[in-house]
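Subject: Structure handover

Hello,

Here is the structure I said I would pass on. My notes on it follow below.

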Amino acid sequence: MQEKERNELEKLLEKYGHTDRNSVEFVHGMLTAGVCYKESKSAKEYINYLLYHDIKKEVDIKNKDEQIRIFEILIALTREIETAIEKQEFIPLIKSQDWEKLKADEVKEWCKGFDYGLYFWGNGDESFLENQQLITVMLPISVLSDPDQYFQMLRKQGTKDGEIIKVLKSALEKFPISVYPVYYFWNPDKEPEVKKWDQSAPAEPVQTGTIVNEQKVGRNDPCPCGSGKKYKKCCG
């Protein structure tokens, strides 16, 4: 997506989008889930959900030029995502381009959009939840869609800070390639023989109670969830 189109979409979403779902990152994540799912919805249905949380409601954008432009951008973006996945060159659309120093807060909106999208495009179809291998591979996206809640849950279960930091780093490294197994789950006929993206084992569910090179986080240190707040004022 070019910078010009991104800025244009940002302005249109700010003007018409629902306050919880008006970021370009969320939209990109949600559209990616739509590309992965076997039965995609129309741009009109997507916009209805984005603006009103109701796919049956008529789009009420009085400026027809802007309405058409939103359709055009979303359709082009959807095609761009599908092409990138099929070429095994997919990169989630996030604000930061520094993948070496990526923080959880920088990918949260995209991951949240992808999670929402799986249920929206699937009309509540949760058949993929029965596939344990797929759920394991999707773990990085699930973790990063709400890292605060996930890490608080682990801490209550007795997981040490060092292990939580390890889970966070692994999730940030692996969430982009988690898209491929999801796509091929619903599109098995398109799965390539050579998987360029499959260069490492999928993220494993964290085993609580196991200490791996424990790294103590001080109460005044930055929180490992990536919020930018001090640990004592965030997840501590």
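How near do the axes of helix 2 and helix 10 come, and at what angle do they cross? Before the answer, some ground rules. This is a predicted model, in which local features need pLDDT of at least 70 and side-chain atom pairs count only at pLDDT 80 or more, while totals for chains, interfaces and linings use all residues. Residues are numbered from 1 along each chain as its sequence is written, and side-chain values use heavy atoms, with hydrogens and water left out.

The two axes come within 8 Å and cross at roughly 35 degrees. (Axes are lines fitted to C-alpha atoms, for helices over the stretch in contact, with angles from 0 to 180 degrees between N-to-C directions.) Helix 2 contributes T32, V35 and C36 to the contact, and helix 10 contributes V179, V182, Y183 and W186; contact means heavy atoms within 4.5 Å. By class, these are six nonpolar, one polar and no charged residues. Nonpolar covers Ala, Val, Leu, Ile, Met, Phe, Trp, Tyr, Cys and Pro; charged covers Asp, Glu, Lys and Arg; the others, Gly among them, are polar.

Overall, the protein has ten helices and zero strands. Both are DSSP runs numbered from the N terminus: helices are H or I with at least four residues, strands E with at least two. Of its 236 residues, 45% count as buried, meaning under 20% relative accessible area with a 1.4 Å probe and protein chains only.

Helix 2 also meets helix 5: their axes come within 6 Å and cross at roughly 40 degrees. The pair is therefore oblique, the class for angles that are not under 35 (roughly parallel), over 145 (roughly antiparallel) or 65 to 115 degrees (roughly perpendicular). This contact has eleven nonpolar, six polar and three charged residues.

T32 lies in helix 2 and is buried, at a relative accessible area of 0%. Leaving out residues up to four places away in sequence, T32 touches I81, I85, F90, W110, F114 and V179. With neighbours within four places likewise set aside, the contacts of F114 include T32, C36, I141 and V182.

The largest nonpolar core has 56 residues, and W110, F114 and L144 touch the most other members. Such a core is a set of buried Ala, Val, Leu, Ile, Met, Phe, Trp, Tyr and Cys residues joined through side-chain atoms within 4.5 Å. Among the elements giving it two or more residues are helix 2, helix 5 and helix 10.

Regards

How values were computed
Buried < 20%, exposed > 50% of the residue type's maximum accessible area, 1.4 Å probe, protein only.
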